[in-house]
Amino acid sequence: AQASFHSSGLTTTMALKFSEDRFGGITINVDAMSAEAFRDALGPSLEKWANADKRGIWLRIPIEASHLIPVAVDCGFDFHHAKPGYVMLTAWLPRGPSSLPAYPHHQVGVGGLVLDGSGNVLCIQERAGVTAGMKDFWKLPGGLVDGGEDLCDAVVREVLEETGVRTVFECIASIRETHAGPFGCTDLYAICVLRLDETAYGPETDTQRPDPVPQEKEIAATEWRALTGFLASPYYAKGLYGSLLKTAADVALRRHRGEQVGVERTRMKGLTRKQESMYYVGGEPVIRKARL
């Protein structure tokens, strides 16, 4: 839709392009225009929408129209979030506090716990990062989940990128949650149990395992290390991170013995009829509706 308004008997030279949502809100996508034309269009639009009981107004300003941001702020908008190429501002028209949702406020990291046939664990030393340069500090390969990426796919990707080892996701073994993440966000870190990819390396044996190769820019070293020695590191002697690793290692060893423990994943169609991931415990997912 477009909105054009009259001022002193004249129609504004630029119209605002907008769409309505099912929550009684408006989203404006701004094209390049002068600050004066934008002000002449935005002010009357907000007045009209307020009279029509519209609620939240979302204003997307591309970087090439960033000169319009001060006009929006003068009209009562505030920043919501920014991403490469644009900034999103919002205004709440009803009286009282805004009920517009905050920008997504979690980031998710993953670590891959991979055991070979002899129970050794795949480890890395960072070339860059928080632990780089710490003497004898070995950790699990891993990293952040990308936008639009499933957690289980992310950990397989990260292990491959950092060590060159191909793996298959089995389960989530333990999760750490902290509210002291970057920019004040909540940070989740999940340790996932992986197994060596049989299609790449064949059936698991006590002696057969791939030789890991460190990713040149980020990883200083990668190797298989005895699990007991890895967990006995003074860095993991106490505290949450040590407990996180030891709990995950226990899950991995129990799965190695044939127990079905941990949080597993399946893919099913969601409400939008698109494939989504469901994580579950308890053996097998309940697919059919149970009779009551």
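This is a predicted model: local features need pLDDT of at least 70, side-chain atom pairs count only at pLDDT 80 or more; totals for chains, interfaces and linings use all residues.
Local features need pLDDT of at least 70 and side-chain atom pairs count only at pLDDT 80 or more, while totals for chains, interfaces and linings use all residues. Residues are numbered from 1 along each chain as its sequence is written, and side-chain values use heavy atoms, leaving out hydrogens and water.

**View A. D150 and R265 form a salt bridge.** Here a salt bridge means a side-chain nitrogen of Lys or Arg within 4 Å of a carboxyl oxygen of Asp or Glu. For D150 and R265, the closest N and O atoms sit 2.9 Å apart. This pair ties together distant parts of the chain, 115 residues apart: D150 is in the loop between β11 (142–144) and α3 (151–163), and R265 is in strand β15 (residues 264–269). Helices (H or I, at least four residues) and strands (E, at least two) are DSSP runs, numbered from the N terminus. R265 has a relative accessible area of 25%, so it counts as partly exposed.

**View B. R225 meets E223 in a salt bridge.** The N to O distance is 2.7 Å. R225 is partly exposed at 29% relative accessible area, and E223 is partly exposed at 31%. The cut-offs: buried is under 20% relative accessible area, exposed is over 50%, and partly exposed is in between (1.4 Å probe, protein chains only).

**View C. E264 pairs with R255 in a salt bridge.** Their closest N and O atoms are 3.5 Å apart. Both E264 and R255 are buried.

**View D. Shared partners make a salt-bridge network.** D146, E149, R157, E158 and E161 are joined into one network this way. Across the structure there are 21 salt bridges.
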